[in-house]
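Student: I would like a close look at a single part of this chain. Please take me through it step by step.

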Amino acid sequence: EILVPNDQFATPTHVDDLSNAILALVKAEKCGIYNASGPEYLSRVAFAARQYQSLKMILTIQLLQYPS
């Protein structure tokens, strides 16, 4: 069982995508600050479920709810 906030969303970045972006910047001799993110907008709950599914583990999620 894991505790997951139910009010947070993100765009996770796969390590292969990040390394390809860095390599492209190096090859293009770019410098500065860049932002890289994945194409999907996921809740923390969906992200946790995917991670467990990829590991073929059973997941029990307890949602953390914060007062508004």
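Tutor: Start with a term. A strand here is a DSSP run of type E with at least two residues, and strands are numbered from the N terminus. Keep in mind that the model is predicted.

Now take Ser 43. Ser 43 sits in strand 3. The chain has four strands and two helices. Their order from the N terminus is β-β-α-β-α-β.

Is Ser 43 buried or exposed? Buried means under 20% relative accessible area. Ser 43 has 18%, so Ser 43 counts as buried. Buried residues make up 10% of the 68 residues in the chain.

Next, the partners of Ser 43. Its side chain reaches the backbone nitrogen of Ala 46 at 3.0 Å. Set aside the neighbours within four places in sequence, and Ser 43 is in contact with Gln 8 and Phe 9.

Follow Phe 9 further. The structure holds one aromatic pair. Phe 9 and Tyr 41 form that pair, with 5.4 Å centre to centre. The angle between the planes is 15°. Planes under 30 degrees apart count as stacked, so this pair is stacked.

Phe 9 is partly exposed, at 45% relative accessibility. Tyr 41 is exposed, at 61%.

Last, the whole chain. Among contacts with a separation of 6 or more, 81% join residues 24 or more positions apart.

Key:
Residues are numbered from 1 along each chain as its sequence is written. This is a predicted model: local features need pLDDT of at least 70, side-chain atom pairs count only at pLDDT 80 or more; totals for chains, interfaces and linings use all residues. Side-chain values use heavy atoms; hydrogens and water are left out. Rings of Phe, Tyr and Trp (its six-membered ring) pair if their centres lie within 6.5 Å; planes under 30 degrees apart count as stacked, over 60 as edge-to-face and the rest as tilted. Buried means under 20% relative accessible area, exposed over 50%, partly exposed in between (1.4 Å probe, protein chains only). A polar contact is a pair of N or O atoms within 3.5 Å; within protein, one must be able to donate a hydrogen and the other to accept it, and residues adjacent in sequence count only if both atoms are side-chain atoms. Contact means heavy atoms within 4.5 Å.
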